[in-house]
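User: Can you walk me through some side-chain and helix contacts in a structure? Plain words, please.
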Amino acid sequence: MKDLQNAPPVSLRNIRMASAPAYKPGEKVISTRKAYGMAITKLGRYNERVVALDGDTNNLTYSEIFKNEHPNRFVECYVAQQNMVSVAMGCAARERNVVFASTLASFFTRAYDQLRMAAVLDSSINLCGSHCGLSTGEEGPSLMGLEDMAMFRALPRTTIFYPSDGVSTEKAVELAASTRVKRVCSI
């Protein structure tokens, strides 16, 4: 209890991007995955309470952009998505940090029990799943989420964002950071 009294107050209200998205019409299309990495990094520049975790995706979520700019606020959780969700809950406890944890959407199925407990405990964490639903690419069908949307929809107090481009991804990250509920951003 003594530590609780000695901890300086922290406000996580009104966390906003310092500038609007800088994507211009006619420019090369940017993937939502890369826009996510750029958005959390941008948010981290203006708020030292933004923390990022990743589940050993070999930069498929582009969270390495955040890692390179804010290495002291990045945690590589490797292939342990269950632990990553638990670490995210710990980082977000007592409303001390805005936490973004990312991995491949299909890997969140490994952590369903932890996700359920996060929802039951009303933990304010932001989860980002790459290669969600039926979207895939050169990585192949084993990385397709398929059941990820249904899984997250079954959890109470969960909001799902499914951005379609760089601008909507950046806005989804900003909205997720400034809203106190568990959020899922699928990229």
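This is a predicted model: local features need pLDDT of at least 70, side-chain atom pairs count only at pLDDT 80 or more; totals for chains, interfaces and linings use all residues.

User: How are the rings of Tyr 36 and Phe 100 arranged?
Analyst: Their centres are 6.5 Å apart and their planes are at 65 degrees, so the pair is edge-to-face, as angles over 60 count that way.

User: And where do those two sit in the chain?
Analyst: Tyr 36 is in helix H2 and Phe 100 is in strand E3, so the pair ties together parts 64 residues apart in sequence.

User: Buried or exposed?
Analyst: Both Tyr 36 and Phe 100 are buried.

User: What about Phe 108 and Phe 152?
Analyst: That pair is edge-to-face too, because the planes are at 80 degrees, with the ring centres 5.7 Å apart. Phe 108 lies in the loop between E3 and helix H5, while Phe 152 belongs to helix H6, 44 residues apart. Phe 108 and Phe 152 are both buried.

User: New topic. What sits over the ring of Phe 107?
Analyst: The charged end of Arg 110, 4.0 Å from the ring centre.

User: Now helices. How do H2 and H7 pack?
Analyst: They pack at an angle of about 40 degrees, and their axes are 8 Å apart. H2 and H7 are therefore oblique to each other. Their crossing is right-handed.

User: Which residues meet there?
Analyst: On the H2 side they include Tyr 36, Ala 39 and Leu 43, and on the H7 side they include Gly 166, Val 173 and Ala 177.

Technical notes: Residues are numbered from 1 along each chain as its sequence is written. Side-chain values use heavy atoms; hydrogens and water are left out. Rings of Phe, Tyr and Trp (its six-membered ring) pair if their centres lie within 6.5 Å; planes under 30 degrees apart count as stacked, over 60 as edge-to-face and the rest as tilted. Helices (H or I, at least four residues) and strands (E, at least two) are DSSP runs, numbered from the N terminus. Buried means under 20% relative accessible area, exposed over 50%, partly exposed in between (1.4 Å probe, protein chains only). A charge sits over a ring if NZ of Lys or CZ of Arg is within 6 Å of the ring centre and within 35 degrees of the ring normal. Axes are lines fitted to C-alpha atoms, for helices over the stretch in contact, and angles run from 0 to 180 degrees between N-to-C directions. Angles under 35 degrees count as roughly parallel, over 145 as roughly antiparallel, 65 to 115 as roughly perpendicular and the rest as oblique. A crossing is left-handed if the near helix is turned anticlockwise from the far one by less than a right angle, and right-handed if clockwise. Contact means heavy atoms within 4.5 Å.
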